[in-house]
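Dear colleague,

Please find below the structure that I am handing over to you. My notes on it follow directly after.

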Amino acid sequence: MPVVGVYDVVVCGAGPAGVFAAIAAAREGASVALVERFGFLGGMATAGLVMPLSVFTYQNKRVIGGIPWEFLERLEAMGGGYIEKPLGNVAFDPELYKLCMQRMVLEAGVSLYMNSYLTGTVVGTDGTIECVVIENKNGSEALEARVFIDCTGDADLAAMAGVEMQPMNGEPLQPLSTYFILAGVDTSSPIISEAMHHNKQGENCHCLPIRNYLLEHAEELNIPEFGGPWFCTTLHEGCVAVNMTRTAADACDNRDYTAAECRLREDVYRMAEILRANFAEFKECYVASVATQAGIRETRRIKGVHTMTAEEYMSGYKYADSISRGAHPIDIHATKGSSQVAHFLEQAAYVPYRALIAQNYPNLLVAGRCLSADRKAFASMRVQASCMGTGQAAGVAAAMAVKSRCAVQSVDIEALVAKLKKIGAQLD
């Protein structure tokens, strides 16, 4: 197959982690390619309609800064984002989000390979990744690089390369949810206007009046599996993003994922019907948009040089190689039923660089949902603000490894932290 590009850094996956990994590496002087299976950027935010982006601020202090915060400010200036105070959750218009992200990626000089699916990799005997294989309308193509960053969410590149994954120990994966946008909603209603803003620290923002009614009448209304519901403003009057569907499935199994997406699409329309028939705020509503893909909470994550534990995470332990933060509650959704376990943090947590690297892979970094954490710590780190922060760190580290001609395990941590602070990462 043809080698169609040779780069310093290749990033696989253009979601919240991948976009900021690519921009960060490019701004550090690396030549960068970004591979994305859809024809737009944003991942779970845009393909999954996962709203709001959370959490950027905690205990009145920003915890995720730098390029992700620059993106939020630009998005807000375009009229496509609304930064909720004081918690720093961000409501957004998905289409303007795509445009803003695209502009920043292209301005940074990143080469985009959209509509391209990662299908394989070539790994040397010493664990060095030589190239990745992608499929698109041009056929099978290869991209070579000095360093590769896996931001696929499901650790696809790492798994293809043979990296050991965290064991699940028989625990069920968190369920999938397909988000959807309803139009024709009375967003002036106190119930909805209160629920669609996520700005209260230490509180679950689900809509309790509607949740309690649905639980009470679940059997008689024949309500499918549901969570929440959580509503979020899309910045347009009469429209809300809805998070309430859920089903058990392994998104890394094609047949299981396909069946789950079919169930969830049916459930979207059933949920809209139930809301329309039972709540005055929704009596004129209709489904305006359904997420391109089901939202994935949990699949594979690597066994890294260090695995973050819940004890470290919840205690706010600061590692010597801390390169990002996390502030979302430890949030575990039940696979069956409507329950959810949410442990709110007393202080923002730290993420070590060693959670982004595997022992025997000298030119592979991961970021976002692929990182090395136990199940409880991961249940906080999986959200989008945290993914943006680890993506930014991985991009800077990759560029440093290229410049120093060293393995990712040998990157100068002190220099990495200094560079991250310089561009605005909140690490103190």
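Predicted model: local features only at pLDDT ≥ 70, side-chain atom pairs only at ≥ 80, totals over all residues.

Residues are numbered from 1 along each chain as its sequence is written, and side-chain values use heavy atoms, with hydrogens and water left out.

**The sheet and its helices**

Helices (H or I, at least four residues) and strands (E, at least two) are DSSP runs, numbered from the N terminus. Two strands are said to pair if DSSP finds at least two bridges between them.

Four strands form an open sheet in the order 12-13-11-14, and their pairing is antiparallel. Its edges are strand 12 (226-233) and strand 14 (286-290), each of which pairs on one side only. From one strand to the next, the twist averages 30°; axes here are lines fitted to C-alpha atoms, for helices over the stretch in contact, and angles run from 0 to 180 degrees between N-to-C directions.

Within this sheet, three bridges join strand 11 (residues 180-183) to strand 13 (residues 240-245) in the antiparallel sense. Ile181 has Ala241 of strand 13 as its bridge partner.

Helix 6 (residues 208-216) touches strand 12 and strand 13, and its direction makes about 155° with that of strand 12. Helix 7 (residues 254-278) touches strand 11, strand 12, strand 13 and strand 14, and its direction makes about 150° with that of strand 14.

**The nonpolar cores**

A nonpolar core is a set of buried Ala, Val, Leu, Ile, Met, Phe, Trp, Tyr and Cys residues joined through side-chain atoms within 4.5 Å. Buried means under 20% relative accessible area, exposed over 50%, and partly exposed in between (1.4 Å probe, protein chains only).

The largest nonpolar core has 129 residues, and those with the most contacts inside it are Val9, Val10, Met308, Tyr353 and Leu365. Helix 10 (residues 384-404) gives the most to this core, with 12 residues. A second, separate core has 26 residues, including Ile192, Met196, Ile210 and Phe279. In soluble globular proteins, nonpolar side chains tend to be buried together.

Leaving aside neighbours within four places in sequence, the contacts of Met308 include Tyr313, Tyr319, Tyr350, Pro352, Leu371 and Met381.

**Helix 3**

Helix 3 (residues 94-107) has 14 residues and reaches 20 Å from its first C-alpha to its last, close to the 20 Å expected at 1.5 Å a residue. That expected span is 1.5 Å times one less than the number of residues. Its buried residues are Pro94, Tyr97, Lys98, Cys100, Met101, Met104 and Val105. An α-helix has 3.6 residues a turn, so residues three or four places apart point the same way.

At the N-terminal end, Asp93 caps helix 3, with a side-chain oxygen 2.8 Å from the backbone nitrogen of Glu95. Just after the helix, Gly109 takes a positive phi of about 85°.

**Thr121**

Thr121 lies in strand 8 (residues 117-123). Is Thr121 buried or exposed? Thr121 is buried, because its relative accessible area is 19%. Its side chain reaches the backbone oxygen of Cys131 at 2.8 Å. Leaving aside neighbours within four places in sequence, Thr121 is in contact with residues including Ile129, Cys131, Val133, Leu157 and Met160.

**A hairpin and backbone details**

Strand 16 (residues 330-333) and strand 17 (residues 340-343) pair in the antiparallel sense over four bridges. In strand 17, Gln340 is the bridge partner of His333. The hairpin has six residues between these strands, and Gly337 in it takes a positive phi near 90°.

Two cis peptide bonds deserve mention:

- The bond from Met51 to Pro52 is cis, with omega near -5°; Pro52 lies in the loop between strand 2 (32-35) and strand 3 (57-58).
- The bond joining Ser54 and Val55 is cis, with omega about -5°; Val55 is also in the loop between strand 2 and strand 3.

Asn115, although not a glycine, has a positive phi of about 50°. It is located in the loop between strand 7 (111-113) and strand 8, and is exposed, with a relative accessible area of 51%. Asn222, likewise not a glycine, has a positive phi near 55°. Asn222 is in the loop between helix 6 and strand 12 and is exposed at 58% relative accessible area.

With kind regards

Methods
Contact = heavy atoms within 4.5 Å. Polar contact = N/O pair within 3.5 Å; in protein donor to acceptor, adjacent residues only side chain to side chain.
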